[in-house]
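Here is a briefing on the structure shown below. It goes topic by topic, in short points.

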Amino acid sequence: MLPAVLYLTVFIAYPFLMAIWLGLTDAEAGHLKWNFVGLDNYSKVVSYEVRANDFVVATVPTRAEADALVQARGSAKLETTPEGPLFRTSVAIAGRTIPLIAMDSVSDAEFQADTVLNEFQWQVSPGKGGFAVVAHAKDESIRLGPFPNRAALKRALESTFLVKTDTQIRTNGTGVVQDPNFRLAVVNTFKYTFGTEILKLMIGVPCALLLNRKFGARRLLRGLVVIPWVIPIAISAQAWLWILDSTYSVINWCLVHWGIVSPANIVNFRGDPQWAMFSVVLVNVWRGFPFTAIVILAGLTAIPDEILERARLDGANAFQRFLYIISPMVRPILMVSLLFSVIFSFTDFNTIWIITKGGPFDQTQVLSTYAYQLGVNAGYLGKGAATSLFMFPLMALMVFLILRFLRKEA
Amino acid sequence: MAEVVLTGVEKRFGDVAAVAGVDLTVRDREFVILVGPSGCGKTTTLRMIAGLEDVTGGDISIGGRSVTHLPPKDRDIAMVFQSYALYPHMTVYRNMAFSLQLRGMRKAEIDRRVKEAAAILGLSDLLQRKPRALSGGQRQRVAVGAALCRQAGVLLFDEPLSNLDAKLRVHMRTELKRLHQSVKSTMIYVTHDQVEAMTMGDRIVIMDKGKICQVATPLEAYRSPANRFVAGFIGTPPMNFFDGELRGEGAGLSVVLGGGVVLPVPRPRITGSSGRAVVVGIRPEHIRLGGQGNGTRVKVPAVIDVVEPLGHEAIVTARCDAGLLQIETELHGELKPRQPVELFFDTAQMHLFDRQTELAL
């Protein structure tokens, strides 16, 4: 009993516990002392900001009145009056006075009101109480803040805007949740995982169906198809580096020679932000689809011949046999393969690190590479650990969903 | 009308002929059993009728229409497989309705047919279960039900009872026979079990090495087997065989077995020349233990080897001068190994086969 517990603790749990502990400290390369900081690495808000857009200037009963208001914008005037400790700026337009904004300095209030009046686009949109005149910012919306804490934020939100508006609260801080690069990495991780899984299925399923047919070279092909999966990624990725090279890419060479693209428009697979994610997904799919195909093939061979023969007698054509018999019977094993595949792709580091190192402009930065960049390359061990630990709940959720599906099937 | 006619049907795998020229006519609504040892071509023949195997020669017609090159679904057949072949992810209801749904039948009609078949087979309470939740016998009945729903002209059975335990097999045998009496389909049934063949079929087709040995009613096949193979295959315990030679002519015709045993041949229609090599076959129940000898009953001394009691009867293996033999006899308490006994061969029930051609004489 004791040796087993010791083994489990030391060999399995220690690295994981170490990562958890690192995630709770301000560990940094070069610092002699690492202090416990709680959950600050995960989320620490320093200040709040408010972005406001879509100011509902007025709601009028008819479209003509609304149009008249928009027309009258050129001759509108701003009026500012003190209101307690604040200054309130109203828009005087077409005989109406509409209180718009209240702030603690005259110039701030007038500047923001002026932006809404003159920089924003005024639109008429039909709504419940009639027609609303809405001031919409195409690029820069109104910014308030930063506020040091929630109380100040709340006070500002309650007092500042005097008409209905669409507000968003942004947080600035030092935790990874506040880090825009981290958020990008989360999005990229999901793009990478789902992109590869869908493509692996789209290639793996027909491949398995093909390998399940009886033909002469079947055994040979079954052997060949696993090659991408068994070659060490460090070696095969070198080949892919050349295939996707900006100058010597064989894909581009073919496209140019077949006259599909001109030499001036060749794709920079690893350098172009539009193509980089596609490139790493392609390499992962190339490497991962044999696993999907082989697992599905195992599921296909497990279907007794008699069942397929009965389906033929029952009058099912090839497509109906696939739809009604084969795919429901293969589905459980397919979900198991998907489960493994999702875990591999979600935590994949090698492929991306070899092909793009997360670039260009972080377009292929996923959680694992970002954690490495942050924790090892940049030396912020605590934040790196916190970033990598974020994968844990996300993956647990996906695994839970797949397992629940499997249980329902069985 | 669903008469099935096979004309010179052949199946070759390269140089090997699995089925070598089968001619057979199965009459409408007949229950025909294909029986034979494994590898005799009976299953291949059935699968060719079903359309699951290509025919390499000859013609198959169902209901007067050649179906040799039609796909299985257009042949007016339904089949019950050895492993039941139920779709594991579908309920019993869907399993039975599947082929009807594919044919685009109206829902009400499907429902009526499924419920009717379920009622016949006692499956009405199980319709919402999945095959996993059924016993072997219930699965078997679902497989039969799925075939019944089709209301096809011909029902094919491929060893459907071989996965059941012995008791259930006997029960299902009766059920299937009763089913045949109540539905209007022609049935072709493959089995390697000669008891199933004897008890169930209107006629049995005994096959060996890809060829038909005999087509006959069960009793005909039992009473007058066409060749030595049929004689040995039909009946338990199997017929006893002894090598022998013909002697004499006409009324004085007799056969001499090893060890000097001489049996008169009571049917002088055999016009074999003296000295012809033959095989003598006599069923265990036609050898009596004790009693009196007379015209057709010939006394042969023997020594008991093994006694296998079966209740009121026993199978006794004994050794006579001509060789080992088995007899079926009412159990006598005094039968013991190494005990000398007198056996009486009923020569009126004796079968003679040519030793070369193995055909009945």
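This is a predicted model. In chain B, four strands form an open sheet in the order β2-β1-β4-β5, with antiparallel pairing. Its edge strands are β2 (16–26) and β5 (65–66) of chain B, and each of them pairs on one side only. Strands of a sheet pair through backbone hydrogen bonds, either parallel or antiparallel.

**Chain B overall**

- Chain B holds eight helices and 20 strands.
- Along the principal axes, the C-alpha atoms of chain B fill a box of roughly 75 × 50 × 35 Å.
- Of the 361 residues in chain B, 41% are buried.
- Take the contacts in chain B between residues at least 6 apart in sequence: 65% of them join residues at least 24 apart.

**Strand pairing in chain B**

- Strand β1 (residues 4–13) of chain B runs antiparallel to β2(B), and eight bridges join the two.
- Within that pairing, Val5(B) has Thr25(B) in β2(B) as its bridge partner.
- Strand β11 (residues 240–247) of chain B is joined to β12(B) by four bridges, again antiparallel.
- Glu245(B) has Val256(B) in β12(B) as its bridge partner.
- The hairpin of β11(B) and β12(B) has six residues between the strands, and Gly248(B) takes a positive phi near 80° there.
- β12(B) also pairs with strand β13 (residues 262–264) of chain B, in the antiparallel sense and over three bridges.
- Here Ser254(B) has Pro264(B) in β13(B) as its bridge partner.
- Four residues separate β12(B) and β13(B) in their hairpin, and Gly259(B) in the turn has a positive phi of about 75°.
- Strand β12 (residues 254–257) of chain B has two faces: Val255(B) and Leu257(B) make up the covered one, Ser254(B) and Val256(B) the uncovered one.

**Leu335(B) in its loop**

- Leu335(B) sits in the loop between β18 (323–330) and β19 (340–346) of chain B.
- Why is Leu335(B) classed as partly exposed? It has 16 other C-beta atoms within 10 Å, and the partly exposed class lies between 12 or fewer for exposed and 20 or more for buried.
- Not counting residues up to four places away in sequence, Leu335(B) touches Ile304(B), Val307(B), Ala314(B) and Val316(B).
- Tyr222(B) is 113 residues from Leu335(B) along the chain, and their C-alpha atoms are separated by 29 Å.

**Chain A: domains and strands**

- The domain assignment of chain A gives domain 1 (46–173) and domain 2 (178–409).
- The C-alpha centres of domain 1 and domain 2 of chain A lie 48 Å apart.
- Strand β1 (residues 45–60) of chain A runs antiparallel to strand β8 (residues 164–173) of chain A, with nine bridges between them.
- β1(A) pairs with strand β7 (residues 142–147) of chain A over four bridges, in the antiparallel sense.
- Val50(A) has Ile169(A) as its bridge partner in β8(A) and Leu144(A) as its bridge partner in β7(A).
- β1(A) also pairs with strand β6 (residues 130–136) of chain A, antiparallel and over five bridges.
- In that pairing Ala58(A) stands opposite Val133(A) in β6(A).

**Chain A: helices**

- A straight helix of 29 residues would span 42 Å at 1.5 Å a residue, but α12(A) spans only 35 Å between its end C-alpha atoms.
- α12(A) has a kink of about 50° at Arg331(A), shortly before the proline Pro332(A).
- Buried residues of α12(A) include Tyr324(A), Ile325(A), Met329(A), Leu338(A) and Phe346(A).
- Met277(A) lies in helix α10 (residues 273–301) of chain A.
- Met277(A) is partly exposed, with 18 other C-beta atoms within 10 Å.
- Leaving aside neighbours within four places in sequence, Met277(A) is in contact with Lys191(A), Tyr192(A), Gln363(A) and Thr364(A).
- Met277(A) and Pro360(A) are 83 residues apart in sequence, yet 9.4 Å apart in space, C-alpha to C-alpha.

**Where the chains meet**

- In the interface, 14 residues of chain A are in contact with 16 residues of chain B.
- On the chain A side, the elements that give two or more residues are α11 (305–313) and α12 (318–346) of chain A.
- Which element gives the most to this side? It is α11(A), with six residues.
- By class, this side of chain A has seven nonpolar, two polar and five charged residues.

Methods. Residues numbered from 1 in each chain as written. Chains lettered and ligands numbered in written order. Predicted model: local features only at pLDDT ≥ 70, side-chain atom pairs only at ≥ 80, totals over all residues. Contact = placed C-beta atoms within 7 Å. Nonpolar A, V, L, I, M, F, W, Y, C, P; charged D, E, K, R; others polar. Expected span 1.5 Å × (residues − 1). Bend = angle between axes of the 7 residues up to and from the residue. Domains from an automatic or database assignment. Pairing = 2+ DSSP bridges.
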